[in-house]
Amino acid sequence: MINKILEMNTDLQIQNKKLELIQWLSTIEDLSFLEKISDLISRERKKNWSDEISDAEKQSIEKGIAQANEGKLNPHSKAREIYGKRP
């Protein structure tokens with residue numbers, strides 16, 4: 001219950017921050033500043049998620065791909081059997 005309340009509070013904070021930024025951005029008249037913001041957004045979008053994970057995570061993904069390529073897959077029902085339902 002507490003986790004749900006904290007999650008809702010965080011979601012509300014995120015939405016409020018977005019609205020603040022939208023309102024602030026709508027008041028800016030400096031084209032060069034707006035272009036800098038646009039460049040920042042473009043750079044963020046181009047980031048590759050794989051550059052931000054650890055070597056251990058990359059190795060784990062590569063291992064999983066190799067196992068899949070070798071046909072060593074388990075159906076979802078088997079995973080549910082092993083790990084059960086997650087809350």
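The model is a predicted one, in which local features need pLDDT of at least 70 and side-chain atom pairs count only at pLDDT 80 or more, while totals for chains, interfaces and linings use all residues. Residues are numbered from 1 along each chain as its sequence is written, and side-chain values use heavy atoms, with hydrogens and water left out.

The protein has four helices and zero strands, giving the pattern α-α-α-α along the sequence. Helices (H or I, at least four residues) and strands (E, at least two) are DSSP runs, numbered from the N terminus. The C-alpha trace spans about 60 × 35 × 20 Å along its principal axes. The protein has a radius of gyration of 22 Å, whereas a compact globule of 87 residues would have one near 12 Å; this radius is taken over C-alpha atoms, and the globule rule is 2.2 Å times the number of residues to the power 0.38. Of the 87 residues, 2% count as buried. Here buried means under 20% relative accessible area, exposed means over 50%, and partly exposed lies in between (1.4 Å probe, protein chains only).

Helix H1 covers residues 2-25 and includes Ile5. Together with Met1, Ile2 and Leu6, Ile5 makes a nonpolar surface patch of about 480 Å². Patches are made of residues with over 30% relative accessible area and no salt bridge, with like charges joined within 9 Å and nonpolar side chains (Val, Leu, Ile, Met, Phe, Trp, Tyr) within 5 Å. Ile5 itself counts as partly exposed because its relative accessibility is 45%. Further along, Gln13 also lies in helix H1, and with a relative accessible area of 46% Gln13 is partly exposed. The C-alpha atoms of Gln13 and Met1 are separated by 18 Å, the two residues being twelve apart along the chain.

Charged contacts come next. A salt bridge is a side-chain nitrogen of Lys or Arg within 4 Å of a carboxyl oxygen of Asp or Glu, and by this rule the count comes to four. One of them joins Glu20 to Lys17, with the closest N and O atoms 3.2 Å apart. Both partners lie in helix H1, three residues apart, which is about one turn of the helix. An α-helix has 3.6 residues a turn, so residues three or four places apart point the same way. Glu20 counts as partly exposed at 45% relative accessibility, and Lys17 is likewise partly exposed at 45%.

Towards the end of the chain, helix H3 (residues 55-69) has 15 residues and reaches 21 Å from its first C-alpha to its last, close to the 21 Å expected at 1.5 Å a residue; the expected span is 1.5 Å times one less than the number of residues. H3 is followed by Gly71, whose phi is positive, near 80°. Glu70 forms a salt bridge with Lys72, the closest N and O atoms being 3.1 Å apart. Glu70 is exposed, at 53% relative accessible area, and Lys72 is exposed as well, at 56%.

Helix H4 (residues 76-83) holds Glu81 and Lys78, which are three residues apart and so separated by about one helical turn. These two residues form a salt bridge, with 3.9 Å between the closest N and O atoms. Glu81 counts as exposed at 62% relative accessibility, whereas Lys78 is partly exposed at 33%. Of the eight residues of H4, the number buried is zero, so H4 lies largely in the open. Just after H4, Gly84 takes a positive phi of about 75°.

Aromatic contacts complete the picture. Rings of Phe, Tyr and Trp (its six-membered ring) pair if their centres lie within 6.5 Å; planes under 30 degrees apart count as stacked, over 60 as edge-to-face and the rest as tilted. By this rule the count comes to one aromatic pair. The rings of Trp24 and Phe33 have centres 5.8 Å apart and planes at 90°, so the pair is edge-to-face. Trp24 is partly exposed, with a relative accessible area of 42%, and Phe33 is partly exposed too, at 33%.

Methods. Accessible areas come from the Shrake-Rupley method with a 1.4 Å probe; for residues, only the protein chains shown count as cover.
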